[in-house]
Amino acid sequence: MQLVLEKRAERSTTIALVSPLIAIGLTIVTLCIVFMVLGKNPIAALAVYFIDPLTDGYSLQEIAVKATPLVMIAIGLSLCYLANAWNIGAEGQFLIGAVAGSWLAVKTQGTDAGHWVLPAMLVLGAVAGALYALIPAICKVRFGASEILTSLMLVYVADLLLDYLVRGPWRDPQGFNFPTTAEFDPVATVPTLIEGGRLHLGSIIALLVVAAGAVLLGRTIKGFEIRVVGAAPRAARFGGFNANQLVLLTFAISGALAGVAGIIEVAGPVGHLQPGISPGYGFTAIIVAFLGRLNPIGILIAGLFLALTFIGGEQAQIAMKIPLDVTKVFQGILLFYVLACDSLILYRFRLISTSPKVQSGAH
């Protein structure tokens with residue numbers, strides 16, 4: 001007997017729905033093995049990761065804070081992936097948006113500027129992120145370059161630019177030589193929603209982005225065009241849809257959302273620009289997009305789940321001395337299982353007999 005993958009006659013809707021749950025289950029089993037290798041009680045570790053943060057009000061706020069950039073970035077990435085355009089550089093667009101918006105905060109520092117500063121920072125972040133994302137998009141459309149490689153390499157450019165600015169021209173002269181800008185003025189910070197907590201207005205913006213994404217994909221011609229171009233390129237060409245224009249559009253939207261997420265993160269929880277403002281939000285958002293089935297509502301749920309792993313990982317580091325890098329291992333394993341399980345949507349396992357057939361008849 002031989003086990004083979006056989007192409008399905010049509011996509012399995014059932015597998016498409018349960019595939020993320022299978023992936024999460026397999027990831028948790030693998031994580032238990034990792035905990036045992038580290039000499040930790042897997043049941044206790046899982047409780048710290050996934051249960052304890054849900055029983056504390058402050059941790060719930062932190063989950064929403066962590067989910068905000070993940071959801072915003074993943075919504076933009078989902079548009080790209082649905083259009084068969086592979087933006088892997090959202091981390092760089094996140095950073096460049098943070099840099100662009102912070103420029104205004106630095107320039108207006110101590111000038112008693114009005115409440116127009118924060119909206120202008122958000123606009124700058126969106127524009128910078130969109131323009132940065134258009135670089136790999138134009139290279140793909142004009143020169144046929146791989147958008148995967150170009151968008152990924154631009155992440156390092158953005159990271160080094162941020163590092164140069166906070167260590168050089170934007171460094172706070174009163175900051176004891178630490179690589180950071182001065183604390184932003186109140187008019188350049190995102191308002192908090194709960195006094196004494198870190199939950200901020202960005203979470204509301206993220207929910208609005210989810211709603212806008214759902215309307216775009218489910219209620220508009222452009223959303224239909226995005227889905228058709230990605231699912232059936234030949235049919236899209238016969239329908240007169242321009243795939244190259246969609247690559248530019250989806251990359252621009254994706255970059256803009258990542259840029260806004262970047263400046264919200266800096267002007268919200270962080271309060272100033274510094275290296276390491278992102279624990280890998282742009283890359284983790286790729287997992288969020290696929291775990292959420294490229295659907296805005298699914299992405300919201302997946303974003304909250306991945307945010308839970310960040311908070312749980314921090315608590316596990318304190319309570320059980322589990323390395324924080326285990327969280328990144330968890331996220332990487334989860335992406336692997338999500339992609340592996342997704343193959344079952346189009347293929348199924350089948351046992352085929354390999355024994356030779358008996359020839360009948362006279363010799």
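Me: Starting with Leu95, which residues does Leu95 touch, not counting those up to four places away in sequence?
Reply: Leu95 touches Val155, Ala158, Asp159, Leu162, Ile277 and Ser278, once residues up to four places away in sequence are left out. Contact here means heavy atoms within 4.5 Å.

Me: What kind of model is this, and how are residues numbered?
Reply: This is a predicted model, where local features need pLDDT of at least 70, side-chain atom pairs count only at pLDDT 80 or more, and totals for chains, interfaces and linings use all residues. Residues are numbered from 1 along each chain as its sequence is written, and side-chain values use heavy atoms, with hydrogens and water left out.

Me: Back to Leu95. Where does Leu95 lie, and is Leu95 buried or exposed?
Reply: Leu95 lies in helix α4, residues 90-107. Its relative accessibility is 5%, so Leu95 counts as buried. Buried means under 20% relative accessible area, exposed means over 50%, and partly exposed is in between, with a 1.4 Å probe and protein chains only.

Me: How far apart in space are Leu95 and Gly239?
Reply: They are 38 Å apart, C-alpha to C-alpha, and 144 residues apart in sequence.

Me: Zooming out, how many helices and strands are there?
Reply: The protein has 13 helices and two strands. These are DSSP runs numbered from the N terminus: helices are H or I with at least four residues, strands are E with at least two.

Me: What box do the C-alpha atoms fill?
Reply: A box of roughly 100 × 60 × 35 Å, taken along the principal axes.

Me: What share of the residues is buried?
Reply: Of the 363 residues in the protein, 48% are buried.

Me: And what share of the contacts is between residues 24 or more positions apart?
Reply: Among contacts with a separation of 6 or more, 78% are between residues 24 or more positions apart.

Me: How many positive and negative side chains are there?
Reply: There are 22 positive and 19 negative side chains, and the centres of the two sets lie 16 Å apart. Lys and Arg count as positive, Asp and Glu as negative, while His and the chain ends are not counted. The place of a charge is NZ of Lys, CZ of Arg, CG of Asp or CD of Glu.

Me: New topic. How many aromatic pairs does the structure hold?
Reply: It holds twelve aromatic pairs. Rings of Phe, Tyr and Trp (its six-membered ring) pair if their centres lie within 6.5 Å; planes under 30 degrees apart count as stacked, over 60 as edge-to-face and the rest as tilted.

Me: Why is the pair of Tyr281 and Phe310 edge-to-face?
Reply: The ring planes of Tyr281 and Phe310 are at 70°, so the pair is edge-to-face, with the centres 6.1 Å apart. This pair links distant parts of the chain, as Tyr281 is in helix α11 (residues 281-291) and Phe310 is in helix α12 (residues 296-320), 29 residues apart.

Me: Are those two buried or exposed?
Reply: Tyr281 is buried, at 1% relative accessibility. Phe310 is buried too, with a relative accessible area of 9%.

Me: Which charged end sits over the ring of Phe310?
Reply: That of Lys66, 5.7 Å from the ring centre. To sit over a ring, NZ of Lys or CZ of Arg must be within 6 Å of the ring centre and within 35 degrees of the ring normal.

Me: Which residues do ring pairs link into a cluster?
Reply: Phe35, Tyr49, Phe50, Phe305 and Phe330.

Me: What about Ser59, where does it lie?
Reply: Ser59 lies in helix α3, residues 57-82, and is buried at 5% relative accessibility. Leaving aside neighbours within four places in sequence, Ser59 is in contact with Pro53, Ile311 and Gln315.

Me: Which phi does Phe176 have?
Reply: Phe176 has a positive phi of about 55°, although it is not a glycine. Phe176 lies in the loop between α6 (147-167) and α7 (202-219), and is exposed, with a relative accessible area of 74%.

Me: And Asn177, what is its phi?
Reply: About 70°, a positive value, and Asn177 is not a glycine either. Asn177 is found in the loop between α6 and α7, where it is exposed with a relative accessible area of 56%.
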